[in-house]
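Subject: Structure handover

Hello,

Here is the structure for you to look through. Notes on what was found in it follow below.

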Amino acid sequence: MKQLYSRNSFISYYIKLGIDKIFIYDDYDLNSEKISNMIDFQYKEHVKIYEAKKLKIKNQPQAFTDCYQKNNNKFDWILMIDMDEYLYIKNDRLKNYLLKPRFNRCDFIRVQWVVPTDNNHLYYENASLFERFKGPYKSSIFIKSIIRGNISRLKYWVHSPNISPDKNVSCNNEGKIINNKKINMEFIEKTDIKKAFIIHFHFKSTEEFIKKIKRGYSNWYGNGTASALRYRVDNYLSNNKITRQKIEYLEKELNLNLSE
């Protein structure tokens, strides 16, 4: 029921925002129920499910690239996000926002994250993410991208496309051109969330954070190393209030000694 609530809330949110079609890559294992069986009937026509294992897709970059290649000629813009990320546009609707003349020259719109804390929740609660993890949110330099359709030979990484600086134009959430020569830009040095941002429910409760750690990160090949695990946990502790209960829970479930 936890996943069912979360996924239907995610779909409902983006339909209200103005998304025409939602493409979900389901990387379920044999012990999990397929996402297609968990979506309310009222949302079925708005969603298309791709089964990642049948397509031999192993991680996010492959899924994002596959999605763009399959659908880029059908839509003016494509937003690449995870199911714990919610695009927020200030005082506007999505389509109206993207039709602004300020974006006429843009191929990629870089939209920055803001990250809620765990709000001191140790365990999952059956309520929406917005009810459970209210602001204030912490600004992040990391971004996700809204990509214009019909760009040939585009490949996607976790946060952004592999761009050609001589051919493609990137801009921020206000339509200002970003002069960046990096092939794969995943962050913006200056935090700027005036017109739009993405609320990334990265941590959630301690229980959900632990489950995320155990499940692994499809975008990082160092998942299995001790240093990668400790990096994730240290990041969690540095961004959330530390309590004895959290420390004991993390140590028990992840086999760590955090007093070292």
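Helices (H or I, at least four residues) and strands (E, at least two) are taken as DSSP runs, numbered from the N terminus. This is a predicted model, so local features need pLDDT of at least 70, side-chain atom pairs count only at pLDDT 80 or more, and totals for chains, interfaces and linings use all residues. Residues are numbered from 1 along each chain as its sequence is written, and side-chain values use heavy atoms, with hydrogens and water left out.

Helix α2 covers residues 60–71, and D66 lies in it. Buried means under 20% relative accessible area, exposed over 50%, and partly exposed in between (1.4 Å probe, protein chains only). D66 counts as buried because its relative accessibility is 15%. C67 is also buried, because its value is 6%.

The side chains of D66 and K70 make a polar contact at 2.7 Å. A polar contact is a pair of N or O atoms within 3.5 Å; within protein, one must be able to donate a hydrogen and the other to accept it, and residues adjacent in sequence count only if both atoms are side-chain atoms. Leaving aside residues up to four places away in sequence, D66 touches Y25, L55 and I57 (contact means heavy atoms within 4.5 Å).

The disulfide

A search of the whole structure finds one disulfide (a pair of cysteine sulfur atoms within 2.5 Å). C106 and C171 form this link, with S to S 2.3 Å. The pair joins distant parts of the chain, 65 residues apart: C106 is in the loop between α3 (94–98) and β5 (108–115), and C171 is in strand β7 (residues 170–171). Both cysteines, C106 and C171, are buried.

Regards
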